[in-house]
Amino acid sequence: MLAILTAVMAPAALFGVFVLAGAAFAKSLHPRIGTDGAAMIGLAWLGGAGLVAFWTSFIDLRLGSVVGVLGMIVSLGAIAWSRGWRRWRVVVPVGLVSIGSVLATIGLFRLWMVERAPFELAMTRTVAWVLPVDNVLPSNLADWLAGDRPRFLSGDWLPSDRPPLQTGLLLLARGVLAPLAAVSRGLEGTDLAYGTSVAAQAVWVVSVVALVWALGHTTRIAVATVAFVAAVPTTYINMVYTWPKLLAGAFIVGAIAVLVAAVRRAELQVTSVILAAVLSLLAIMSHGGAVFVLPAVLTLAAIVFARRSWAERARMAAGALAAFALVYAPWIVFQRMVAPPGDRLLKWHLAGVVDVDDRSFLRALADQYAASSWMELLQVRATNLATALWPQSLEGSDVWRDGWQDRAQHAAFFNTAAAIGLGAALVGAVLVMALISRIRRRRDDQLRDAAGLSLLMLACIVLWSLVLFQSEAATVHQGSQAWLMILSAVPFAWVAFRRWRLATWIILPAQALWTIVVFADSAFYADAPMSPAAVLTLCVGLAVVAAAIITSPGRSVRSAAARSGRPIGYTRST
């Protein structure tokens, strides 16, 4: 247990240094930047460091290690220069809830004493069936860079099939932490690879906190919201089974947080749009599922875009194009020149072509649609909508009989509503309350923002369901974690704002208890003894989360959005 905790916490601390450095440096250079925006600049700095580590390692592994160490030194220097420790009142509670959530997750995951390699254990321990090798692919890509670089990465997966940002973060952690391998075996080999993967998923905490701040809530509400999102089933699944879906969700939620704040403020809107473009591209460089949330990003960006002058619009567009050239264009070159064709997932999800295919994406898409009748296409869309919005895996079954935990795990893995647990009920409550408020013509900006973001995410889910080609493909793991995070976080934050005790004394503990009870069950390790160290880690994690909520400051961090107090729907021409 000590080795895996070291393997997770050491990279997490490293990533925290990068985020804090970027945030503190940005805040020092430009005090008008809100705390939410500064946090997202820190997240972008971490993402950029990961990409630089990947590309320099592609050139030479030793160069990648040197660049990683230099990046850490620069980050520590930025913290010292900007006196980042002065913001401890904000940093400490956010850090505590991050540590507590990770400890509780690892404790639950390692609840049974099993001697398995961590990636293999994640395939067999996360849910009640064996998961594929997707969680190992980012680590395999890092090993591919160090080896002879064959055509296939693993099985029939090409190196270009999955975006490289998580691999870059793994290389960054290896470069900095590998020299310390003598301290703990958790700082080398597959333990470090798995621990870094978990730490990479955990950066979603920063984005959720920034989103709650952007909506004008206090740090205490932000910390409680993080605890709730950590307790929903889909977060647990994607924290321990480390395909980079939470990492991609973190960046795209960060882009939405930046744009939400930009809609509510009168300044720094050009910078906000460019930063949102960078974060969106980093999300796509983490996992392709992030593209399904781009309609929400573009909608919010359009609101900001519409209220600015033509000169400012030109600067926004130029900044976004520059971000594309720096962040994403090199990957396109890699896909075309190093490991072609690089479009397998596009063909898989949007054209229904699963096997490696020599046709272009557009050719495959046209062929598949030409071979299907209108009735077949409409039936597939209707089925996907039903799959996305209704927990069909529970239909016709008594989930309280033997095996109910397996069925609950199945529902949480595949179905949107079950994936966010009580968050689904909170979404419904927020939408109903917003409708009642509108009918009675009562102004409630917090409720309006919560309902608006929830509807935006539901619209993304509907669009996603309609563009997928295969029937019953609109399952959680083929979409984005971003809308699940927002549908969990935003309604809970509003409930905490209105009824703090209801949110923190009833809803949050109930959700945490449900997730623990459901995922404590192990279909493959039922005969294994329980680990006292894991139970202790779980309990300590829960205690740290509680301490973080209790000790968080109740006042607002005075983000730019909070200072203006404008609702998301507010627009004004300038």
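Me: Leaving aside neighbours within four places in sequence, which residues is T167 in contact with?
Reply: In this predicted model, T167 is in contact with F54, P138, L141 and A142.

Me: Where does T167 lie?
Reply: T167 lies in helix 7, which covers residues 165–177.

Me: Is T167 buried or exposed?
Reply: T167 is buried. Its relative accessible area is 1%, and buried means under 20%.

Me: Now S139. Which helix is S139 in?
Reply: S139 is in helix 6, residues 137–146.

Me: And is S139 buried or exposed?
Reply: S139 counts as buried because its relative accessible area is 7%, and the cut-off is under 20%.

Me: What does S139 touch, not counting residues up to four places away in sequence?
Reply: S139 touches F119, L170, R174 and A193.

Me: New topic, the second largest pocket. How much space lies in it?
Reply: About 960 Å³ lies in the second largest pocket.

Me: How many residues line the second largest pocket, and which are the closest to its centre?
Reply: The lining has 45 residues. The closest to the centre are G288, G289, L345, L346 and H349.

Me: Which elements give two or more residues to that lining?
Reply: They are helix 13 (269–284), helix 16 (329–337), helix 17 (344–351), helix 18 (361–370) and helix 23 (445–467).

Me: Which helix gives the most?
Reply: Helix 17 does, with six residues in the lining of the second largest pocket.

Me: How do the lining residues divide into nonpolar, polar and charged?
Reply: In the second largest pocket, 27 are nonpolar, eleven are polar and seven are charged.

Terms used. Residues are numbered from 1 along each chain as its sequence is written. This is a predicted model: local features need pLDDT of at least 70, side-chain atom pairs count only at pLDDT 80 or more; totals for chains, interfaces and linings use all residues. Side-chain values use heavy atoms; hydrogens and water are left out. On a 1 Å grid over the protein atoms alone, a cavity is a set of points where a 1.4 Å probe fits but cannot get out, and a pocket is an open set with protein on both sides within 12 Å along at least five of seven lines; lining residues have an atom within 4 Å of a point. Grid points are joined across faces, edges and corners, and a volume is the space filled by probe spheres set on the points. Helices (H or I, at least four residues) and strands (E, at least two) are DSSP runs, numbered from the N terminus. Ala, Val, Leu, Ile, Met, Phe, Trp, Tyr, Cys and Pro count as nonpolar, Asp, Glu, Lys and Arg as charged, and the others, Gly among them, as polar. Buried means under 20% relative accessible area, exposed over 50%, partly exposed in between (1.4 Å probe, protein chains only). Contact means heavy atoms within 4.5 Å.
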